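Here are my notes on the model, point by point. Have it open next to you while you read.

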Amino acid sequence: MMLASRLVVLALAVSASSIAVAAEFEPIKEGDTLSGKLRLVPTRHPNGTKIEAYQIVSQPRAMPKDDDFCDHDKGATTFHLVTMTNALRKQLDPLLGKTVSVKAIALHCSETAWHIGDVVVHRWELLPK
C-alpha cells in the first residue's frame, strides 16, 4: 500500500510540473517574430505528391487557445513557411541550416497533410540579422 501511495504522489507531481511547463511557453500571434533554425523537409502528401517544406525549428511556443487544431498541452516547435513562389524559395535556400527570424504575418496550427509541422505560416517576412 505504501508503494502505491508513493506512485500516486509521484504521478501527481509529474502531471503538475508538465502543466506548469505548458503554461510557460512564450505565446506567438500574427505579427510576432519567430526565430529558429531553418530546414528543408522533403516528404510526400498521402496522394503521392512531392512536398518540400521550409520549416523553422524553434523553442516551444504557445498558440492561441481558439485554434482547435493545436495541441495546447505542448508547445509548437516546427513552423512551416509557405513558399508559393520561386522568389521566396530563393530567399530561403542560402539560409538553410542557419538561424533565421521572420515576421509571422499569418499563421495557424496545421490542419491538413499539406501542412508540414505544428504550425503553418502562410505569410511571412524575412527579417535582417
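**Notes on the model**

1. The backbone nitrogen of threonine 77 sits 2.7 Å from a polar atom of the aspartate 118 side chain. Aspartate 118 itself is in the loop between β5 and β6. Helices (H or I, at least four residues) and strands (E, at least two) are DSSP runs, numbered from the N terminus.

2. A word on the ground rules. This is a predicted model, with local features needing pLDDT of at least 70 and side-chain atom pairs counting only at pLDDT 80 or more, while totals for chains, interfaces and linings use all residues. Residues are numbered from 1 along each chain as its sequence is written, and side-chain values use heavy atoms, with hydrogens and water left out.

3. How confident is the predictor? The protein chain averages a pLDDT of 82, and 82% of the residues score at least 70; pLDDT is the predictor's confidence in each residue, from 0 to 100. Please look at residues 7-22, where the pLDDT is below 50 and the model has two contacts beyond near neighbours in sequence. Contact here means heavy atoms within 4.5 Å.

4. Now the overall layout. The protein chain has two helices and six strands, and from the N terminus on the order is α-β-β-β-β-α-β-β. Among contacts with a separation of 6 or more, 60% are between residues 24 or more positions apart. Of the 129 residues, 33% are buried, where buried means under 20% relative accessible area, exposed over 50%, and partly exposed in between (1.4 Å probe, protein chains only). The accessible surface comes to about 8,200 Å², and 59% of that belongs to carbon and sulfur atoms; areas come from the Shrake-Rupley method with a 1.4 Å probe, and for residues only the protein chains shown count as cover.

5. Which residues touch the most other members of the largest nonpolar core? They are Leu38, Ile56, Met63, Phe79, Leu81 and Val121, out of 20 residues in that core. β2 (33-44), β3 (50-62), β4 (76-81), β5 (99-109) and β6 (119-126) each put in at least two residues, and β5 gives the largest share, with five. For the record, a nonpolar core is a set of buried Ala, Val, Leu, Ile, Met, Phe, Trp, Tyr and Cys residues joined through side-chain atoms within 4.5 Å.

6. β3 and β4 run antiparallel and are joined by five bridges, whereas β4 and β6 run parallel, with three bridges. The rule is that two strands pair if DSSP finds at least two bridges between them. Isoleucine 56 stands opposite phenylalanine 79 in β4. On the β6 side, histidine 80 has valine 120 as its bridge partner, and leucine 81 has valine 121.

7. Setting aside neighbours within four places in sequence, its contacts are Ile28, Leu34, Tyr54, Gln55, Ile56, Ser58, Arg61, Val119 and Val121.

8. β5 and β6 are antiparallel and share seven bridges; lysine 103, for one, stands opposite glutamate 125 in β6. Histidine 108 lies in β5. Its side chain makes polar contacts with the side chains of glutamate 111 (3.5 Å) and histidine 122 (2.9 Å). Beyond four places in sequence, histidine 108 touches Met63, Asp67, His115, Val119, Val120 and His122.

9. Back to the loop between β5 and β6, which also holds serine 110. Is serine 110 buried or exposed? Serine 110 is buried, at 14% relative accessible area, and a polar atom of its side chain lies 2.6 Å from the backbone oxygen of glycine 117. By contrast, aspartate 118 counts as partly exposed because its relative accessibility is 23%. Beyond four places in sequence, aspartate 118 is in contact with Lys74, Gly75, Ala76, Thr77, Thr78, Cys109 and Ser110. Its C-alpha is 9.9 Å from that of methionine 63, a residue 55 positions away in sequence.

Definitions and conventions
Polar contact = N/O pair within 3.5 Å; in protein donor to acceptor, adjacent residues only side chain to side chain.
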